[in-house]
Amino acid sequence: MTAQFSNFIAGESVRAARMLPNINPSNTHDVIGEFASGSAADVNNAVAAAKAAFPAWSRSNPQERHDILKRASDEVMARKDELGRILSREEGKTLAEGIGEATRAGQILAFFAGEALRLNGEVVNSIRPGVGIEVTREALGVIGMITPWNFPIAIPAWKLAPALAYGNTVVIKPAELVPHSAWALCDILHRAGLPRGVLNLVMGKGSVVGQAIIDHGDVLAISFTGSVGTGRRIAASCVASTPMKKVQLEMGGKNPLVVLDDADLRIAVECAANGAFFSTGQRCTASSRLIVTEGIHDRFVAALTERMQALVVDDALKAGTHIGPVVDAKQLEVDEGYIALGRSEGAKLHWGGERLNRENPGFYLQPALFTECTNQMRLSREEVFGPVASVIRVKDYEEALAVANDTDFGLSSGICTTSLKHATHYRRNSEAGMVMVNLPTAGVDYHVPFGGRKGSSYGPREQGAYAREFYTTVKTAYTFAG
Ligand code: NAD
């Protein structure tokens with residue numbers, strides 16, 4: 001019998017009227033389980049539970065919050081191989097990537113266990129005699145979280161850990177395609193000792209569960225990661241609602257990797273292959289624009305093509321796989337649509353882009369490299385969210401920087417060069433939230449801010465100590481002591 005997974009509401013496992021199957025993208029015959037597809041009524045119950053739990057949790061001893069997060073971290077770390085397997089089976093990234101992501105979730109929980117103890121304020125001298133000023137940070141209340149499918153455990157962890165550390169209560173809805181990882185994380189957090197109602201998980205559709213969270217008057221803040229279109233609509237609803245909701249959006253990218261003539265070719269090829277194609281290119285930080293100066297262009301394309309030919313595309317759980325399948329049939333159609341579009345726009349499909357058959361039926365796509373691209377093509381401007389990269393040939397560093405910044409996005413940006421002058425200038429002038437020198441645009445540390453500019457992010461940064469900007473609210477208290 002197929003395993004059944006219920007929502008968590010008010011500390012209880014609550015069955016939903018509808019269930020949705022969770023399918024393995026490496027093998028569509030493999031049904032991982034049936035997961036609750038919640039309703040607006042489930043969201044109402046979850047928000048009521050979170051609201052009831054807030055007064056006690058927001059005033060709880062930081063040691064208690066630390067201990068719960070630390071226990072959860074310890075369990076995630078102890079079970080990282082199993083959690084990585086759960087993740088890779090439902091999302092399709094390789095097992096090594098899945099285990100790496102589970103490890104990151106454990107590290108994030110441990111980091112914010114410590115942050116629960118470090119929340120501090122300021123005492124400031126007043127300009128008025130006898131008056132004292134205290135600036136403190138308080139929890140916000142009930143926070144709604146809506147997460148995407150491409151980081152099924154890390155993104156829920158990097159939202160939940162700070163929210164809980166600082167005393168908020170939560171209703172979270174993971175993406176429909178990957179509920180198992182979020183379910184496992186919530187199960188671990190509950191068993192680590194969270195009081196009833198502090199964390200509620202309602203799985204299901206964005207248009208039903210997500211919308212009900214956004215529309216609920218007792219949800220005071222929304223943290224969303226996903227596409228720009230959904231993010232824009234969510235932000236508009238948050239501002240239109242009463243009371244207005246605080247909102248944080250992490251969205252797409254069209255991240256440039258600049259390769260200069262003086263780059264170490266081996267490093268540049270590794271950065272491009274990793275940044276553009278690992279995790280099947282399904283990363284908001286993927287290097288989908290490879291901006292290459294004339295002197296190295298042909299050597300770079302030849303070496304990258306050779307590297308791509310050695311990448312094994314196969315079942316995510318199989319040893320030796322470098323690139324797992326695309327997440328589902330719909331995303332595969334989008335990827336193939338962009339490959340057809342690139343050709344029709346005059347870009348040259350230099351290598352790859354073929355659908356592949358493997359032992360089991362799955363959504364396998366060979367990574368695709370386009371050359372002869374311009375930065376004006378839709379292929380170079382719109383996020384594909386698949387293993388597809390465009391090479392844009394430029395004259396020199398100045399043109400490379402201008403092309404890199406000519407985008408509606410601004411999440412991550414990279415340069416491969418041995419010139420200190422160009423590396424320094426690029427770091428200062430790249431219009432992105434994260435800049436990488438001789439490193440892939442994807443792959444970040446967990447204890448520093450994560451986020452971007454322009455269409456990539458809206459609101460305060462996530463992760464590291466900066467997460468407190470979103471998950472707490474500042475109070476300025478004036479006291480006249482006589
Ligand atoms: P998506 O926007 O389709 O869905 C994201 C989440 O929003 C899902 O849980 C979905 O169910 C929910 N949703 C959809 N419609 C909704 C509605 N009307 N109301 C409320 N919720 C709704 O995005 P996706 O396809 O799951 O994820 C891919 C996108 O996420 C890409 O654009 C990628 O770049 C982005 N992403 C960004 C970051 C980042 O930190 N910047 C990280 C990972 C992914």
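Modeller: Gladly! Helices here are DSSP runs of H or I with at least four residues, strands are E runs of at least two, and both are numbered from the N terminus; the expected span is 1.5 Å times one less than the number of residues. Please keep in mind that this is a predicted model, where local features need pLDDT of at least 70 and side-chain atom pairs 80 or more, while totals for chains, interfaces and linings use all residues. Residues are numbered from 1 along each chain as its sequence is written, and side-chain values use heavy atoms, without hydrogens or water.

In α6, 12 of the 13 residues are buried (under 20% relative accessible area, with exposed over 50% and partly exposed in between; 1.4 Å probe, protein chains only). Among them are Trp183, Cys186 and Asp187. Just after α6, Gly193 has a positive phi of about 115 degrees.

Now for α8 (residues 228-240): its 13 residues reach 18 Å from first C-alpha to last, close to the expected 18 Å. Here Gly231, Ile234, Ala235 and Cys238 are buried. They lie on the same side of α8, because they cover an arc of only 100 degrees around the axis, taken from the directions from the axis to the C-beta atoms. On the other side, Arg232, Arg233 and Ala240 are exposed. The buried residues of α8 pack against β8, α7, β11 and β12, a contact being heavy atoms within 4.5 Å.
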